[in-house]
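Good morning, colleagues. Please turn to the sequence and the structure on the screen, which I shall go through by element.

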Amino acid sequence: MQIELLVNGRIHRVDTDLERSLLNVLREDLDLTGTKYGCGEGECGACTVLLDGQPARSCLTPANAAAGKPITTIEGLEKDGALHPLQQAFLDADALQCGYCTSGMILAGAALLQKNSSPQPDDIIHAMQGNICRCGTYPRIIHAIQSAAASMKRGEHV
Ligand code: FES
Ligand code: FES
């Protein structure tokens, strides 16, 4: 079947079958490989994208269920060549080691900041508990999210 996916503001027409996950279509058909395959079972958060503004596990989301809804991947967060404040904060705080969890962390963090502009560490831990970092960079991730929140409040970024 052919479906239309609205990814990072662009419409893509994709031929796929009903069983294929959004993750597979993003990575294999659209070459958006920033979204990672971790567990494939909804347990790690490496495949997190924003679907209609909400964090979604793209490994468990059938591609056809995402048709017509806005999808944001890590590639779509920057604007006009400038990194999203959270991307910049992760770099500044060195909040990654292998980087495998990072795109999912950043998208989950971006969704959190849309709801809570001044998250406390407990808020971040609660909101991000489904995102696993095997390298254990959690303290720096929390720092990066708080630092991005502060910089967004100061109006340094969009
Ligand atoms: S790959 Fe989707 S939650 Fe782990
Ligand atoms: S930086 Fe390696 S899994 Fe998080």
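Helices (H or I, at least four residues) and strands (E, at least two) are DSSP runs, numbered from the N terminus. This is a predicted model, in which local features need pLDDT of at least 70, side-chain atom pairs count only at pLDDT 80 or more, and totals for chains, interfaces and linings use all residues. Residues are numbered from 1 along each chain as its sequence is written, chains are lettered from A and ligands numbered from 1 in the order in which they are written, and side-chain values use heavy atoms, with hydrogens and water left out.

Just after H2, Asp-94 takes a positive phi of about 55°.

Five strands form an open, mixed sheet in the order E2-E1-E5-E3-E4, two strands being paired if DSSP finds at least two bridges between them. Strand E2 (10-15) and strand E4 (54-57) stand at the edges with a single partner strand each, so one side of each is left without a neighbour in the sheet. Strand E3 (residues 48-51) pairs with E4 in the antiparallel sense over four bridges, and Val-49 has Ala-56 in E4 as its bridge partner.

How many of the 14 residues of H3 are buried? Twelve are, so H3 is largely enclosed by the rest of the structure. The buried residues of H3 pack against E3, E4, E5, H2, helix H4 (121-127) and H5.

Conventions
Buried < 20%, exposed > 50% of the residue type's maximum accessible area, 1.4 Å probe, protein only. Contact = heavy atoms within 4.5 Å.
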